[in-house]
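Subject: Handover of a structure and notes on its salt bridges

Dear colleague,

Please find below the structure that I am handing over to you.

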Amino acid sequence: MAVSDHVDLPTFMEGVKKRNPHQPEFCQAVQEVAEDIFDFMADKVQYHEQQILRRIAEPDRVVSFRVCWEDDNGNIRVQRGWRVQNNNAIGPYKGGIRFHPSVNESVLKFLAFEQTFKNALTGLPMGGGKGGSNFNPKGKSVREIMRFCQSFMTELYRHIGADVDVPAGDIGVGGREIGYMFGQYKRITNQFTGVLTGKGLEWGGSLIRTEATGYGAVYFLANMLAHKGDDLVGKTAVISGSGNVATHAAEKIVQMGGKVLTLSDSGGFIHDPDGISQDKINWVKEHKTHRRGRIEEYVAEFKGATFHEGKTPWGVPCDVALPCATQNELLGDDARLLVKNGCIAVSEGANMPTDLDGVHVFKDAKILYAPGKASNAGGVAVSGLEMSQNSERRAWKEDELQQMLKDIMMGIHNSCLTYGDNGKGYVDYVKGANIAGFKKVADAMLAFGVV
Ligand code: NDP
């Protein structure tokens, strides 16, 4: 008689917590998935006998390494780098690299775990991974950032490859950092391959990759509204963050007829009751990306706007909300406030921005709520298309890619309906996304036997 993992959810989670002490983010991400998967697996003997959930919740490997670099004053600095390769059942590991002081093994394991299901949902052949460092790019000179990226890649290069593991950008890693890392990879290996995505257009990048995550999150939101016979025209939106995902989400909301009221950064949020128009979004992009400025400077530029230091924007009444900054930035009380103020839909641009309490609030209130693994998959989807273009050694046109992104987001929405529509007018998108993503990876794992 085979040993089965047919235990109840609390016992399963007790085991996860015991095996991963001091990794709260990772345990939180596993619990969120397990809550849905347990019901789905109840009568699926093979999944239990093969310990599939237990195996997915154990990364294939975690590589941890030292990253030394020299600052502009000649001091030697020591940082820690990681690559978490969670699961490659359906394709090469794929997931971003994050540079932020809050990065640790727990955060990267949660991100790699989530990425596994997200990538499966896109329908493209990509496994799940994530990497990064506790390096803080803020206040560093361009040359310091280049030296750090080169040192990081000097170790990372031996663990990645176009058919092995293909990293991309994430918080603190944009086109500039991808350029420095790609340059170092090419220098060490003497190979020009699609080993990273988010590359510049002149050297193998894809059109619309920069815009894809934010645009995709709004397409997903529009799909949820359309399923209810509604749209974005005239809707007010509250958005957090002011980086890549937030500014492109804002742009697409404006293009689709909505009005954006807020943006934020780690210093606080700005509220602009007149609406953050395309011109203002362009200013934010330039200010945050090229001038490396702070969002509070928006109020000196645009009259009528206010800055709220140290606060998140969830108390501003709105029709729709898009958390696009970081994990656990929207807590239970924030969720209750949003629902109380009449918010009808939430589409996550960031990864796990809503804590477990907040997730339960949205589910209980039965509002439209899209978890990041479904709604922010547009970025990795276009990364997958960048990999295909690199393999083919050609570049597709912008309108082709725009259409593919829209189709992929609609496909993910449909997958969520398959497992999340209760048939009584409510769609549980968290459940739908978790089951659809899990099933694809689990069935591939079954085919490989115990490896
Ligand atoms: P950026 O670095 O471009 O922007 C991050 C934004 O979030 C900045 O405004 C930053 O403010 C804010 N932020 C970061 N950390 C915190 C914090 N601890 N508290 C408050 N605000 C914070 O990153 P992206 O826009 O690329 O990523 C945002 C989110 O989207 C992340 O969760 C990422 O994993 C997720 N994501 C990104 C994808 C992509 O394609 N880029 C794909 C899928 C998901 P400040 O300037 O003050 O640091």
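The notes that follow concern charged side chains and their pairing.

This is a predicted model, in which local features need pLDDT of at least 70 and side-chain atom pairs count only at pLDDT 80 or more, while totals for chains, interfaces and linings use all residues. Residues are numbered from 1 along each chain as its sequence is written, and side-chain values use heavy atoms, with hydrogens and water left out.

Side chains of opposite charge can pair when their charged atoms come close. The structure holds 22 salt bridges (a side-chain nitrogen of Lys or Arg within 4 Å of a carboxyl oxygen of Asp or Glu).

One of them joins Lys-130 and Asp-170, at 3.1 Å from N to O. Lys-130 belongs to strand β4 (residues 128–133) and Asp-170 to the loop between β5 (165–168) and α7 (175–189), so this pair ties together parts 40 residues apart in sequence. Helices (H or I, at least four residues) and strands (E, at least two) are DSSP runs, numbered from the N terminus. Lys-130 is buried, at 3% relative accessibility (buried is under 20% relative accessible area, exposed over 50%, partly exposed in between, with a 1.4 Å probe and protein chains only).

A further salt bridge links Arg-336 and Asp-357, at 3.0 Å from N to O. Arg-336 sits in helix α12 (residues 332–340) and Asp-357 in helix α13 (residues 356–365), so parts 21 residues apart in sequence are tied together. Arg-336 is partly exposed at 39%, and Asp-357 is partly exposed at 37%.

Yours sincerely
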